[in-house]
Amino acid sequence: MRKIKVIIDGQGINCLEGQTILEVTKENGIDIPALCYHSDLKIKANCRMCLVEIKGRKGLHASCSTKAEPGMEIITESAKINRARKINLELIFAQHCEECDDCIWDFNCQLLKLAKKYGVDKTRFPNRKKGYPVYQFGPSIIFDSSKCIDCRNCVDVCHQQGVDFLKIKEKGHLFQVVPTKNEKKDCIYCGQCIVHCPVGAFEAVGEFEDVEKPLQDKDKTVVFQFAPAIRTSIGEEFGLPQGSIITEQLVAGIKKLGVDKVFDTSVGADFTTIEEANELAEKLEKETTPCFTSCCPSWVKFIEFYEPEFIPNLATTRSPQVILGGLIKTYWAGKENIDPKKITVVSIMPCVAKKYEIKKKELEIDGIKPVDYVLTTRELAYLFKKNKIDLAKISPQKIDEPLGIPSGAGVIYGASGGVVESALRTAYEKITKTELSNVEFKQVRGAKRIKKAVININGKSVKIAVVNGIGNAKKILEELKENPKLYDAVEVMACFGGCIGGGGQPVPVDKEIRQKRADGLYKIDNKEEIRLAHHNPIIKKVYNEFLNSKEIIHSICHTSYSPKEREVKI
Amino acid sequence: MSKDIIAKLKENELLGRGGAGFPAGLKWEMVKSAKAEKKYIICNCSEGEPEVFKDGFILENYPELVVEGIKIALETIGNSSAYIYLRKDYYEKFKSKLEELTKNLPIALFKKTGGYLSGEETTVFAAIENKRQEPRIKPPFPPQKGLFKCPTLINNAETFYHIAKIAKDEYKKTCFYSISGEMENKGVYELPEDWSIEQILKETKNFPEFDFFIQAGGGVSGEILLPSELDQPVKGLRAIIVFDRKKTDYFDLMKKWINFFLENNCDKCVPCREGVYRISEILEKNKIDKQLFNDIFFVLEETSFCSLGKGVVVPFRSLIKKLL
């Protein structure tokens, strides 16, 4: 693209032709307020906050929808701009019932920051959304429509996910964002609406009310596990740079809450890798591919509800948190001589769909749930803050044995491509019976929404598709309907970038932030001595001592799927 | 003929008659020169504002000229097909006549529940594409990317009428005026485009003898003018509505306007959705809060997404200034 020069606030700035003014200002650290803008979404230009003046043109212009042109002279702050932003903000406040104590934006709230900056009278108009309904989507998401500012980011992102569960309903002279009543549609609980809402109208179920619940069972042994993606994202809640690796600070923080044991879900991921690699190897041998990953509960729900014909393609391997939870209540409970009924397993997940996953009946082992509670990254951060635990200041602490030390493969599960890469590392060695000289499969990494690769294993070409975002997964499914042999292995994560961009993760989030979180995970893997799941000593040990029969492996590590009816009730 | 029609449109300085007044020749040239496999032509007969009824008059009296104008467009612009976008009642009324005239031509009729919004051309695309009716970001402009993302020529019914006239060298720089309100001779009149409002009212024997004011342009979005301000042509949609000052309740009038905007705006952008709502909230109490109104007018005018939002201000500001 051609380089051009514009003048912003008197300063000459180089940019590319085709960039919007807002993109140019963002790149150059010039702050322009924007509420409905999100780099993941199409430009809508409806909040009318990102206003600028352009020399020689009448009126104010939305910088998100105006392209920079050669020689354009742009002003980003003036009395006129400030006045317009102030009034539009007052109009926005009048449709947003604040509940600032319980809001995922917490001290990051853009609305409050802008209100202060522009001297907004928040109560200039009576709030027109008083009494608007609150909806609950399964065990995962709460949508308080009285906080909604009608920017439609949630509707757009839900559409991008190919789900269209959220929609606009014309009501009287105005519209409302509502969940659809169409029985052929259902929420898949990905929570992308939560992290794309600029004003906190969406949150996890129990996000603020229930965080202490798991710690209240006094007579129980409380065991926490945390997902791969948490260690490079939770730091953001404590002012640390994006992508900071704080695994051991996280352990220390959890211990300070009075938790008995802290394990790592990445160890569970190593088990998932072994089982999924077996399934892939078997399907390749029997020529019954494609094999779909199954650790993302939103993806599983999507298949069960929208595309049940693909159920046979889903790996039956359970997700990492469920396998580890199961092992804690069986293998570890036996070692420690604790009654599994007296153990509370709490998973810290980047995800709100994981709250749904743990409620599945088919995961119970002899009537016992592998995991009792799921708290999101945000919820754990809130719990830390409530207990005055600051991860930026805490001294690191080692994680507990025996289920605390993962391979590098278990850690990269948190980024799109990580599951397939881990499975390939193990499947390759299993099938070829030779050691991998280079364990990195860089073709499947990165932020691209659809990544394709062909890997040669034992003279056989294994065709791989790695997808993040369900809307893109739908495209792959359509291709497979045409040609079932197009791919052998398909990894799908519902959230953009994989779990590092999950619906339970800190806000704000965008492509750059996701990249930094992912980079952190790959950095950890790169430094690990053991980078293949089946090389991990604890994995070998557990298979030797405990997971040594088909039946026991099945009950701890595998599950089944069935077509689903709509679950969300409105 | 197709070779020089664009030159003729330019020569005659024909401006679009949908309200915005964009030079027709230039628009045609842009669509013609756009590179694309497929192009569309739309004749907009949505006529959504109260007291504007000249397109209906033209469809009633000169449908063959409108279709002739569309035919010229089809010949001029390669790989094109056309829609006549009709308000619901116009569709019912003129369907059979238009079907007869467009037989064997690539011209389809499209029925839509009218709508003020269709004055914003990109909402017409949304309607035909079966999407929520709201304007799109411009650029790209319709000649670049319009209906189904193809280069699109969208002109008002009256524009096509005049184009047919220009092609036959019969164009006399006239316009159609919708004249209504407190008067004897309501109706649509074809008169020279540069005539002043006063001239038009006198010519049609509608110049009031009572104490009056008028609204000029659109029946809702038009500006309020006093008797001393009539020495100017009428702009926009060229409606002229006469009011008797003694018989007119200003609040009722303003409430009628704001309710129209409330019902007919698309609610996409903050100033138009929330601003219009707040004005109506205050007017309902038969009150005016000048500072607040000024603030809302300011953001409507300066920050609305489309020109219709910007236009909301015109009637209120002029009425408040001149009559209250």
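Predicted model: local features only at pLDDT ≥ 70, side-chain atom pairs only at ≥ 80, totals over all residues.
A salt bridge is taken here as a side-chain nitrogen of Lys or Arg within 4 Å of a carboxyl oxygen of Asp or Glu.

Over all chains, the whole structure contains 75 salt bridges. One of them is formed by A:Arg57 and A:Glu69, whose closest N and O atoms are 3.0 Å apart. This pair links the loop between strand E3 (51-54) and strand E4 (60-62) of chain A, where A:Arg57 lies, to the loop between E4 and strand E5 (73-75) of chain A, where A:Glu69 lies, across 12 residues. The relative accessible area is 35% for A:Arg57 and 39% for A:Glu69, and each residue is therefore classed as partly exposed.

The salt bridge between A:Asp186 and A:Lys301 has its closest N and O atoms 2.7 Å apart. Because A:Asp186 lies in the loop between E9 and helix H5 (192-196) of chain A and A:Lys301 in helix H8 (residues 297-306) of chain A, the pair ties together parts that are 115 residues apart in sequence. A:Asp186 has a relative accessible area of 0% and is buried; A:Lys301, also at 0%, counts as buried.

Between the two chains, 31 residues of chain A are in contact with 27 residues of chain B. The area buried between chain A and chain B is about 2600 Å², with carbon and sulfur atoms giving 56%. On the side of chain A, A:Arg48, A:Leu91 and A:His173 lose the most area to chain B, together accounting for 22% of what that side buries.

Polar contact between chain A and chain B involves 18 residue pairs. Helix H2 (79-93), strand E8 (166-171) and strand E9 (174-179) of chain A each contribute at least two residues to the side that touches chain B, the largest share, 7 residues, coming from H2(A). That side comprises 16 nonpolar, 6 polar and 9 charged residues. The count of salt bridges between chain A and chain B is 7, including that of A:Glu170 with B:Arg132, in which the closest N and O atoms are 2.7 Å apart.

Key. Residues numbered from 1 in each chain as written. Chains lettered and ligands numbered in written order. Heavy atoms only, no water. Contact = heavy atoms within 4.5 Å. Buried area = accessible area lost by both parts, 1.4 Å probe. Polar contact = N/O pair within 3.5 Å; in protein donor to acceptor, adjacent residues only side chain to side chain. Helix = DSSP H or I, 4+ residues; strand = E, 2+ residues; numbered from the N terminus. Nonpolar A, V, L, I, M, F, W, Y, C, P; charged D, E, K, R; others polar. Buried < 20%, exposed > 50% of the residue type's maximum accessible area, 1.4 Å probe, protein only.
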